[in-house]
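Please look over the sequence and structure before reading on.

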Amino acid sequence: MTDLVSGPPTERSPGAATQADLKSSTRSDSRFERLTSRRWVLRLAEAVVSLAAGLGFLLLSLHISANPLSRIGQVSGLAKVQQYVALVGLPILAVLLWTAYRGTLRRYQLVQRIACGALAGLATGVVAGGIAVALNGTPWGLGGQEGDPGNLMGMANDMLRGKGLPGVYPPGFPALLALWAKYFHGGIAGVGYALKDLQLLLSALVGPMAYLAWRLVLRPFWALVIAVSSSVLFLDPIRPYSHVVMLMLLPVLAACFRELRRSPELTVRSTVLRGAGFGLVFGLMFLWYSGWYLWSAPGAFLLAALLFPWRRGRHAVKHALLFLGSILAVAAVVGLPLLYQLARLGSETVDRYAYINTYIDPAYVLGWASDRTGGLSYHNWPQSGELAGQSGFAVLLLLGVGIGVGLGLRNVVVRTAGFVLAGAWLLRFWFASHMAHDQAVQLYPRTTWIIMYCLMILAVLGAKLVYERGVGWIRTALDSAGAPAAARISPRAMAQLAAGLICAVALFGTMGASWSANRYMPSANPSKVEDMGLDAYRAHTLQTEKGVCPKYSPVKDCSPVNMELKTYYFEPDSKLWCANADGEFQAVCGRKP
């Protein structure tokens, strides 16, 4: 039978063909089948559709005209985004459902993978569209010239001035920002405008990139579930380049470990080429954003040692060493600029920035609050759940994790997520336990993201394994009982179930994407409440290149542009810099302000 959710098509059982299937011998269908039987054609079509959906929806959203400085304008803009995504997405789902009920099963599988790719693109296209509404009327990106966006602009300006790499910060995005400003916005004067372009473009591409990475190891439906849920949750439009590396790193690692196990079966040439390909991808992602490599390293290296074919003979060991050696060599060459900077300056770079995420219970990993806290403090966030402080969501998530580990420990994806989670967990508490003594945070709160991501992966894989085992048990029971063919699970029923579940994922994606974009709408009163809308507010209070305020600016006198913006570095200090501790600095930080 054909499993339309979890597995590739297999040979049909006798009598399983439908009347529609028997009509596929026409000349046009023969050409169609020949074309779609080529794997590279299907993969290329899936990638093109996914990328086009994300970018195309962003371009469509740029035509929305609403005043983002009033709440009514924000709501109208978000509603227009939802109207657009419904007009684009509903026909896709309609074709998917029609094919599941009326089309051939072979054609349904093609439509399913194309629809999943498109929906992954639309999910983060909606987020990017919402950010376009938030920035409507201003040429500046989120943050204006303040905070991290200002620092990124300073890095790009330094590169345009010929000052080289930005210290130990990954140079990939600052270099792209510098090039984008040079070729599309006139150089240093337009680097802030270039940042807005890239914030929108890269936000739209997060979903497709995550989905295509997961397609290396999972079927379309399950890749869509993980990609959509994680993309809308973790996407940070202020720095959209950072989290996409985390979203891609886990499936690429899993694919790499799968190839490590297969390497003894390959030729020497194929082994080296595959290793070089993985090394190139790892090296490029390292230059794009390197932080996730630290948290993934302990688990990844340990799992690589466990999967290495130590006892399978000289041939297997030789091929595995060639594979790993090719990865490390190519990755080191590609990532050499940043590796050199880390070796030269790494010991001098100490993170002392403490904020709300460093004040809460360190075992809480199911939520994130930025340093734009709004009304949150460590006294009221996170809210305590009903069961030993754990919420119903936490209990259900952990139940899924337990099922995933219990049923799928031999699965390389389960192992990858589990080992990375364990390594990041230990590093989190290592750095957190030394924080008071060393007066250093060392970015340990960022393990919250990768730990939660691993938990989500394991929970989804748990659902996948329950589905596979359940369908298998039901089929066995029906076969043993001699049930008639009409009472058994048919491929058509599985196609219909998968189509319905994809519709549910699509609805979640649009709702979650709107929630994500809404957080960044300009603050109504940033002087009283500094929430995540502060960055959009700043973009509307900074002068344009003509020296005037943006169209919807809430102030008459906008801030002047700093044309001498440079890379900002913290002054050397031996104490924590405690943010979000107003009025309680002594109690929180243990010293006077």
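**Cysteines and cavity**

C558 is buried, with a relative accessible area of 8%. The model is predicted, and a search of the whole structure finds two disulfides and one cavity of 30 Å³ or more.

Disulfide of C549 and C558
- The sulfur atoms of C549 and C558 lie 2.1 Å apart and form a disulfide.
- This link of C549 and C558 is right-handed, with 130 degrees about the S-S bond.
- C549 is partly exposed at a relative accessible area of 23%.

Disulfide of C578 and C589
- C578 is joined to C589 by a disulfide, with an S to S distance of 1.9 Å.
- C578 is in strand β2 (residues 577–578) and C589 in helix α22 (residues 585–589), 11 residues apart.
- The torsion about the S-S bond of C578 and C589 is about 65 degrees, so this disulfide is right-handed.
- C578 is buried at 7% relative accessibility, and C589 is buried at 13%.

- In sequence order, the bonded cysteines of the protein chain pair 1-2, 3-4.
- C256 has its closest cysteine sulfur in C454, 16 Å away, which is too far for a bond.
- C454 is likewise in no disulfide.
- C256 counts as buried at 6% relative accessibility, and C454 counts as buried at 0%.

Cavity
- The largest cavity holds about 60 Å³ of space.
- Its lining includes W140, M153, N157, I188 and L565.
- Helices α6 (147–160) and α8 (191–214) each supply at least two residues of that lining.
- The lining residues comprise eight nonpolar, four polar and no charged.

Methods:
Residues are numbered from 1 along each chain as its sequence is written. This is a predicted model: local features need pLDDT of at least 70, side-chain atom pairs count only at pLDDT 80 or more; totals for chains, interfaces and linings use all residues. Side-chain values use heavy atoms; hydrogens and water are left out. On a 1 Å grid over the protein atoms alone, a cavity is a set of points where a 1.4 Å probe fits but cannot get out, and a pocket is an open set with protein on both sides within 12 Å along at least five of seven lines; lining residues have an atom within 4 Å of a point. Grid points are joined across faces, edges and corners, and a volume is the space filled by probe spheres set on the points. Helices (H or I, at least four residues) and strands (E, at least two) are DSSP runs, numbered from the N terminus. Ala, Val, Leu, Ile, Met, Phe, Trp, Tyr, Cys and Pro count as nonpolar, Asp, Glu, Lys and Arg as charged, and the others, Gly among them, as polar. A disulfide is a pair of cysteine sulfur atoms within 2.5 Å. Buried means under 20% relative accessible area, exposed over 50%, partly exposed in between (1.4 Å probe, protein chains only).
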